[in-house]
Amino acid sequence: MLDGHMRHEDHMGNVGELTEGGVQWMSAGRGVIHSEMPQQEEGRMRGFQLWINLPSAEKMTPAQYRDIPAGEIPEVSVPGGSVKVIAGAVVTGNGTVPGPINGLTTEPVFLDVALEEGATFEQPLPATHNIFVYPYEGELETGDDAAATPLAGQAAGVLGKGDHVRVRATGGPARFVLLAGKPLNEPVVQHGPFVMNTREEIDQALRDYRDGVLAHPVLS
């Protein structure tokens, strides 16, 4: 959540207050019923809701929910800017700084980066990962100076193969999220909020929802 205040409640009994700089990390697993309701009466609400697919072997694991307040998210100074480390880790000249989310099968990396005009952010990343960059304020260039690719504000840039990323703020200061993860290389079938690997699994999920199975205490 970049700005604003949202309240989370779910059938497992979790209640969370998501405020500026905070993060909710939820694994739907075999099912979770939840609500997200704005709590503010004025001012801007702004943030991201990102979905990471689970491998087929983990689709039916118990649902989980975690609140991560802003104070538990490391913010690291880098030349010409700063990085908030939400998932994975950031490598700096002083060592590696991990975020609060680690140990997942897809090995996600989720960084929120702020740069001054002209500043460059470089970071090693696994060559096996898919990577994209989304500037939500300002504009960027990706790649080496000799072959830099411009990236307009509020446009997602999917990066090519390699083991590091290089991003530069152009035309003013910039803020962007950098996300990376290991591809599952599995089929995806989606219906509404349900994501499974086959149509038959989707049909079962719909039956489970209609029959109230998703709200069963076994998920807690």
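Residues are numbered from 1 along each chain as its sequence is written, and side-chain values use heavy atoms, with hydrogens and water left out. Because the model is predicted, local features need pLDDT of at least 70 and side-chain atom pairs count only at pLDDT 80 or more, while totals for chains, interfaces and linings use all residues.

Start with charge. The structure holds ten salt bridges. A salt bridge here is a side-chain nitrogen of Lys or Arg within 4 Å of a carboxyl oxygen of Asp or Glu. One of them joins arginine 46 to aspartate 3, at 2.9 Å from N to O. The two partners are 43 residues apart, and they link distant parts of the chain. Arginine 46 sits in the loop between β4 (34–38) and β5 (64–68), while aspartate 3 belongs to the segment before β1 (5–10). Strands (E, at least two residues) and helices (H or I, at least four) are DSSP runs, numbered from the N terminus. Both arginine 46 and aspartate 3 are buried. Buried means under 20% relative accessible area, exposed over 50%, and partly exposed in between, with a 1.4 Å probe and protein chains only.

Next comes glutamate 17, whose salt bridge to arginine 7 has its closest N and O atoms 2.3 Å apart. Glutamate 17 lies in strand β2 (residues 15–19) and arginine 7 in strand β1, ten residues apart. Glutamate 17 has a relative accessible area of 37%, so it is partly exposed. Arginine 7, at 27%, is partly exposed too.

Aspartate 112 is buried, at 9% relative accessible area. Arginine 175 is partly exposed, at 23%.

Go back to arginine 7 for a neighbour. Proline 38 and arginine 7 are 31 residues apart in sequence, yet their C-alpha atoms are 6.3 Å apart in space. Proline 38 lies in strand β4. Its relative accessibility is 48%, so proline 38 counts as partly exposed. Beyond its neighbours within four places in sequence, proline 38 is in contact (heavy atoms within 4.5 Å) with His5, Met6 and Met45.

Now turn to strand β3 (residues 23–27). Four of its five residues are buried. Strand β3 runs antiparallel to β5, and five bridges join the two. Two strands pair if DSSP finds at least two bridges between them. Within this pairing, serine 27 stands opposite glutamine 64 of β5.

Finish at the second largest pocket. Its lining holds 13 residues, and Gly143, Leu159, Gly160, His164 and Val165 lie nearest its centre. A pocket, on a 1 Å grid over the protein atoms alone, is an open set of points where a 1.4 Å probe fits, with protein on both sides within 12 Å along at least five of seven lines; lining residues have an atom within 4 Å of a point. β12 (130–142) and β15 each supply at least two lining residues. The largest share, three residues, comes from β15.
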